[in-house]
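Keep the picture in view as you read.

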Amino acid sequence: MPKSSNQKLKLLYLHKILQKKTDEQHTMTVQQMIAELAALGIKAERKTIYDDLEALRLFGVDLMCRKSKTHDYYVNGKTFEFPELKLLVDAVASAKFITEKKSGELIKKIETLASEYEAKDLRRQVLISGRTKTENEKIYYNVDVLHRAIADGKQISFRYFDIGVDKKKHYRDGHRTASPYALSWENEKYYLIAFYEKYDGISHFRVERMEEIAILESDILQPPEGFSLREYSKRVFSMFGGEEHEITLCFDNSLVGVVYDKFGQDVAIKSPGKDNFKITVRVAVSPSFYAWLFQFGNLVKIEAPAWARQELIGMASDIVSEV
């Protein structure tokens with residue numbers, strides 16, 4: 001590269017060096033900056049470096065100077081603080097809907113937002129291998145397509161599949177058409193909430209099980225009057241299907257935190273007593289709902305309707321009879 005070109009790039013390279021090699025715990029002197037630039041084939045003198053540092057400050061770079069025997073500089077106030085980057089890395093590594101390969105790629109990109117010293121710490125804290133992950137590499141791009149369809153208010157078509165006991169994809173018949181309303185991240189899985197014409201109502205689909213997603217020219221069908229995405233997500237347990245019913249549950253007082261986690265702190269507490277309390281909620285009654293109740297043993301019971309209580313007792317009897 002010609003010398004004149006090197007000089008034109010000097011300020012850009014200096015900014016990059018400071019971004020990658022400095023933070024509050026790791027500073028650089030002017031002499032070290034000159035050495036770093038020299039390694040890139042860019043000649044610099046102390047006076048010009050001071051001018052460049054001032055230019056970076058005027059540009060808006062939060063450049064700090066710590067005075068001791070020397071003047072030590074570092075970039076402060078980066079876009080993300082280090083604890084925030086740790087949270088992002090953990091979220092990406094833990095998310096089941098992102099493949100192991102894509103998680104690794106995203107984490108490497110997050111590392112570029114940190115200094116090289118912080119990036120090493122981020123790498124040390126990550127353990128992706130062995131975590132349960134989807135194998136559908138396309139989900140990353142599916143989410144992008146679905147977001148665009150929702151933003152544009154357009155219907156979509158797609159194919160949907162299940163995983164069989166042979167661990168292979170088994171596609172349901174034909175392409176499906178739906179009006180997408182929102183994406184929801186529940187229990188570490190991504191779901192599309194949409195109006196599905198086949199069932200003439202609101203339904204939901206696991207995004208990693210969707211393929212061949214296409215945005216159609218048709219505008220979405222508007223949701224039914226009074227429909228609330230927030231309430232829908234609260235009612236549908238673990239995103240499993242089931243007919244919705246009003247259920248009255250009686251919980252031991254020790255489970256109030258569990259109830260708030262599941263239904264939100266605005267759930268109406270009825271008949272609070274010394275030992276227990278009651279709530280009445282609309283939920284999708286399904287095996288997953290009963291399974292959720294089973295984990296609490298005798299600390300919860302279904303008060304109404306009677307048929308739901310009998311279903312729960314019948315499931316318990318079936319389990320015992322099989323033992």
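The largest nonpolar core in this predicted model has 31 residues. A nonpolar core here is a set of buried Ala, Val, Leu, Ile, Met, Phe, Trp, Tyr and Cys residues joined through side-chain atoms within 4.5 Å. Buried means under 20% relative accessible area, exposed means over 50%, and partly exposed lies in between (1.4 Å probe, protein chains only). Inside this core, the residues with the most contacts are Leu146, Ile156, Phe158, Leu192, Val207 and Met210. As a general background, nonpolar side chains tend to be buried together in soluble globular proteins.

Which elements each supply at least two residues of this core? They are the helices α4 (82–94), α5 and α7 (139–152), along with the strands β3 (154–163), β5 (176–186), β6 (189–196) and β8 (210–219). Helices (H or I, at least four residues) and strands (E, at least two) are DSSP runs, numbered from the N terminus. The core also draws at least three residues from each of domain 2 (82–127) and domain 3 (138–226), with domain bounds that come from an automatic or database domain assignment. Apart from this core lies another one of 21 residues, and Val259, Ile279, Val283 and Phe296 are among them.

A word on how to read the numbers: residues are numbered from 1 along each chain as its sequence is written. Because the model is predicted, local features need pLDDT of at least 70 and side-chain atom pairs count only at pLDDT 80 or more, while totals for chains, interfaces and linings use all residues; side-chain values use heavy atoms, with hydrogens and water left out.

Now zoom in on Phe158. Leaving aside residues up to four places away in sequence, Phe158 touches Gly174, His175, Arg176, Ala178, Phe205, Met210, Glu211, Glu212 and Ile213; contact means heavy atoms within 4.5 Å.

Next, find helix α5, which covers residues 100–111. Its twelve residues reach 17 Å from the first C-alpha to the last, close to the 16 Å expected at 1.5 Å a residue; the expected span is 1.5 Å times one less than the number of residues. Buried residues in α5 are Lys102, Ser103, Leu106, Ile107, Ile110 and Glu111.

Charged side chains come next. A salt bridge is a side-chain nitrogen of Lys or Arg within 4 Å of a carboxyl oxygen of Asp or Glu, and a search of the whole structure finds twelve of them. Arg57 pairs with Glu54, their closest N and O atoms being 3.3 Å apart. Both lie in helix α3 (residues 46–59), three residues apart, about one turn of the helix. An α-helix has 3.6 residues a turn, so residues three or four places apart point the same way.

Other pairs join separate strands. Asp219 and Lys154 meet in a salt bridge (2.7 Å, N to O). Asp219 lies in strand β8 and Lys154 in strand β3, so this pair ties together parts that are 65 residues apart in sequence. Glu211, one of the residues touching Phe158, forms a salt bridge with Lys169, with closest N and O atoms 2.4 Å apart. Since Glu211 is in β8 and Lys169 in strand β4 (residues 169–171), the pair links parts 42 residues apart in sequence. Is Glu211 buried or exposed? At 7% relative accessibility, Glu211 counts as buried, whereas Lys169 is partly exposed at 41%. Finally, Asp162, Arg172 and Arg209 are linked in a network of salt bridges.
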